[in-house]
Amino acid sequence: MKKLSKQDLLHLYRSLIRTRKFDQLNIRLAAEGKLLTFYHSAHGHEAVGTGAAAVVRDDDYLFIHHRGHGLPYSIVRGIDPKSCVAEHMGKSTGWGGGITGFHAVDKEMGILSSAGTIGSGFVLSAGYGLAAKKNGRGQIAICFSGDGGVQRGQFHEAINLCAAWKLPVVFVVENNGMAWFTPNRDTTAVENVADLAKAYKVPAEIVDGMDILAVYRATEKAVELARNGGGPSLIECKTFRYRSHSEGRPDVSHFEPRSKEEIAAWMERDPIKLFEEKLVKDKVLTATLIETIAREADEEAVAAEKFSFDSPFPDPARLPHMVYAP
Amino acid sequence: MKELMYWNAISEAIAEEMARDDKVFVIGENVQESPFLATKGLVQKFGSDRVMDAPLSELAIAGATVGAAMAGYRPVCDLTFADFIYCAADEVLMKAAQQYFIHNGEVGVPCVFMGVAGGGFGNGPEHSRIPAAMVMHNPGLKLVLPSNPYDAKGLMKAAIRDNNPVCFFFHKKCMPMKQEIPDEEYIIPLGKAEIKRAGTDVTVVATSYMVNLALEAAKQLEGKVSSEIIDPRTLVPLDIDTIIESVKKTNRVVIIDEDTECCGVAAEIAQQIIERAFDYLDAPVSRLCAANSPIAGAAMEKYVIPQLPQVIKAIETAAGL
């Protein structure tokens with residue numbers, strides 16, 4: 001278990017704040033019609049991606065969940081989030097060159113692909129794990145998903161393969177209880193995704209997805225197991241989606257508005273609020289530092305918006321050359 | 001020179017590529033024993049770490065293939081029956097085909113999806129298809145349909161070395177074919193059609209096993225019709241130039257393909273001919289394909305998939321007889 005220094009803790013905190021600020025930027029730009037695509041906010045989910053992705057090595061593989069379109073996973077890995085904003089504005093400086101709409105990719109940091117078809121990351125991650133096991137460099141893969149995704153066959157077929165072949169894959173499930181507008185309690189009899197893992201003899205743990213350190217520690221354990229040949233694990237992070245499925249959509253459960261009380265209760269356990277309180281109590285954070293970090297993140301977001309706005313669109317003449325590799 | 005059967009030519013190609021490049025491995029259901037023989041004997045040479053018997057799960061097999069390819073390997077994924085590609089549509093059509101694009105050209109998916117295709121054994125609607133048009137319709141995939149052992153070997157080697165996902169559908173009816181194969185290495189580049197028989201009266205573009213039926217038909221029509229038989233060998237990329245050149249010479253063309261007719265391979269080739277050689281045509285472009293029907297099984301199969309008499313008739317009609 002790595003001892004987290006003050007610097008480490010501040011990195012996590014700063015990553016959370018930057019993730020939220022960029023999430024808010026994307027939300028505003030979507031409302032203003034400046035994003036040329038859709039956006040699925042990470043609001044409420046920030047601690048899961050940030051906490052888990054903080055554990056990995058630069059040469060590990062991450063298959064990201066769609067909440068925040070890559071922000072929670074990439075910011076903590078040191079990837080500049082302006083490339084996320086630029087991609088959504090369709091600019092050539094985006095992380096996919098402005099041709100993908102939204103897909104988060106960063107070859108150097110092992111962020112290969114992201115799923116448009118929810119749940120398709122499970123089997124691809126098994127492939128990353130297979131490659132990692134074959135090359136013997138001690139790499140691992142983390143596959144992030146939601147609780148809706150695990151209802152697809154890909155989850156079951158991938159976790160079965162990973163368990164049978166002891167592939168170094170960690171499944172991090174961000175369980176917010178909703179798939180689009182449909183609560184999962186009405187679509188599955190299994191309350192805890194962790195129970196599914198047990199059926200495949202895969203160790204599973206349920207953690208508080210609003211507690212970034214709990215996510216970090218659980219991931220650390222699972223990653224170490226995977227790196228040492230122990231095969232896959234699953235971490236189910238109980239979390240909450242503060243906004244609708246995607247921007248501009250009604251925030252409903254089935255066809256009726258979601259319970260305001262339920263949202264308010266989860267807001268009390270906001271992941272940033274919880275971590276901030278802890279760091280203040282532990283004297284890692286001061287009021288001045290909180291303000292500085294917030295201001296810097298705001299300035300960064302303003303600069304990213306301008307950068308993206310000023311960037312050129314890709315040359316459409318490139319498109320026919322992007323279909324096949326030479 | 002040595003004589004090799006169709007399946008053995010494929011397994012020899014894979015073996016040569018596995019020996020040449022340790023990033024190449026085989027994954028699929030029963031690839032060690034290999035019910036269609038195309039990966040037979042590989043496990044004895046390369047071990048079970050490189051010839052991997054996977055769970056009965058096309059999603060996991062195809063998905064792991066794509067993931068491993070993106071992470072630096074060159075997997076050969078054996079889907080068993082080509083029909084089973086439908087089970088892994090997300091992995092093959094959405095992921096393998098589009099990842100190069102999604103990664104802005106920075107990450108490729110070099111892999112092969114192989115499967116035994118076509119009719120001839122009466123196996124019915126779920127084991128007798130050649131999903132060629134579907135693959136052709138999805139940009140990002142390449143498509144190889146070898147019609148004999150020599151081509152199968154050279155094309156499989158090219159498919160494994162290609163930096164894109166390549167579907168390699170080999171035909172059940174070609175399995176008993178034997179051919180002289182050179183001892184020295186050879187590769188047949190993807191996108192090069194071959195004129196299997198030169199002729200002057202009519203161009204016959206045939207794919208996969210239909211090439212062999214067309215050759216037999218041409219033989220039977222000798223003295224009556226001089227047929228030029230073209231095997232595109234790969235449909236993506238398609239060597240349309242060779243076809244156009246022939247059509248300009250014969251002024252007549254029929255396309256014979258075993259996939260179902262509607263929105264099919266023949267329709268696409270016909271349209272390209274019309275766009276590029278309309279003024280050279282003395283008759284409408286014609287086609288002979290599987291009927292727009294599920295591939296019937298047992299005794300009824302021959303009423304859905306083109307057989308020799310229909311091929312002969314189609315060539316005669318195209319020749320204006």
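How many Å separate the centres of domain 1 of chain B and domain 2 of chain B, taken over C-alpha atoms? The separation is 25 Å. This is a predicted model, in which local features need pLDDT of at least 70, side-chain atom pairs count only at pLDDT 80 or more, and totals for chains, interfaces and linings use all residues. Residues are numbered from 1 along each chain as its sequence is written, chains are lettered from A and ligands numbered from 1 in the order in which they are written, and side-chain values use heavy atoms, with hydrogens and water left out.

**Stop 1: the two domains of chain B**

Select residues 2-181 of chain B for domain 1 and 194-318 for domain 2; these bounds come from an automatic or database domain assignment. Domain 1 of chain B puts 29 residues into the contact and domain 2 of chain B puts in 26, where contact means heavy atoms within 4.5 Å. The two domains bury about 2,100 Å² between them, 59% of it on carbon and sulfur atoms. Buried area is the accessible area (1.4 Å probe) that two parts lose on being put together, summed over both.

Now select B:Asp151 and B:Lys196. Their side chains form a salt bridge at 2.6 Å, N to O; the term requires a side-chain nitrogen of Lys or Arg within 4 Å of a carboxyl oxygen of Asp or Glu. The count between the two domains of chain B is 2 salt bridges.

For the side of domain 1 of chain B that touches domain 2 of chain B, colour helix H6 (132-136), strand E6 (142-144) and helix H7 (149-161) of chain B, each of which supplies at least two residues. Helices (H or I, at least four residues) and strands (E, at least two) are DSSP runs, numbered from the N terminus. That side of domain 1 of chain B has 15 nonpolar, 10 polar and 4 charged residues. Here Ala, Val, Leu, Ile, Met, Phe, Trp, Tyr, Cys and Pro count as nonpolar, Asp, Glu, Lys and Arg as charged, and the others, Gly among them, as polar.

**Stop 2: helix H11 of chain B**

Move to residues 308-318 of chain B, helix H11, where B:Val311, B:Ile312, B:Ala314, B:Ile315, B:Glu316 and B:Ala318 are buried. Buried means under 20% relative accessible area, exposed over 50%, partly exposed in between (1.4 Å probe, protein chains only). The cover over the buried residues of H11(B) includes strand E10 (202-206), helix H8 (210-220) and strand E14 (286-290) of chain B. Just after H11(B), B:Gly320 has a positive phi of about 90 degrees.

**Stop 3: chain A against chain B**

Show both chains. The contact takes 37 residues from chain A and 40 residues from chain B. Chain A and chain B bury about 3,200 Å² between them, 65% of it on carbon and sulfur atoms. In chain A, the residues that lose the most area to chain B are A:Lys134, A:Trp165 and A:Tyr324, together 19% of what that side buries.

Select B:Asp90 and A:Arg152, whose side chains meet in a salt bridge (3.4 Å, N to O). The count between chain A and chain B is 1 salt bridge. On the side of chain A that touches chain B, strand E2 (111-114), helix H5 (121-135) and helix H6 (153-164) of chain A give two or more residues. H5(A) gives the largest share, 9 residues. By class, that side of chain A has 19 nonpolar, 13 polar and 5 charged residues.

**Stop 4: A:Ser125**

Stay on helix H5 of chain A and pick A:Ser125. Is A:Ser125 buried or exposed? A:Ser125 counts as buried because its relative accessibility is 0%. Not counting residues up to four places away in sequence, A:Ser125 touches A:Phe63, A:Ala141, A:Cys143 and A:Val169.
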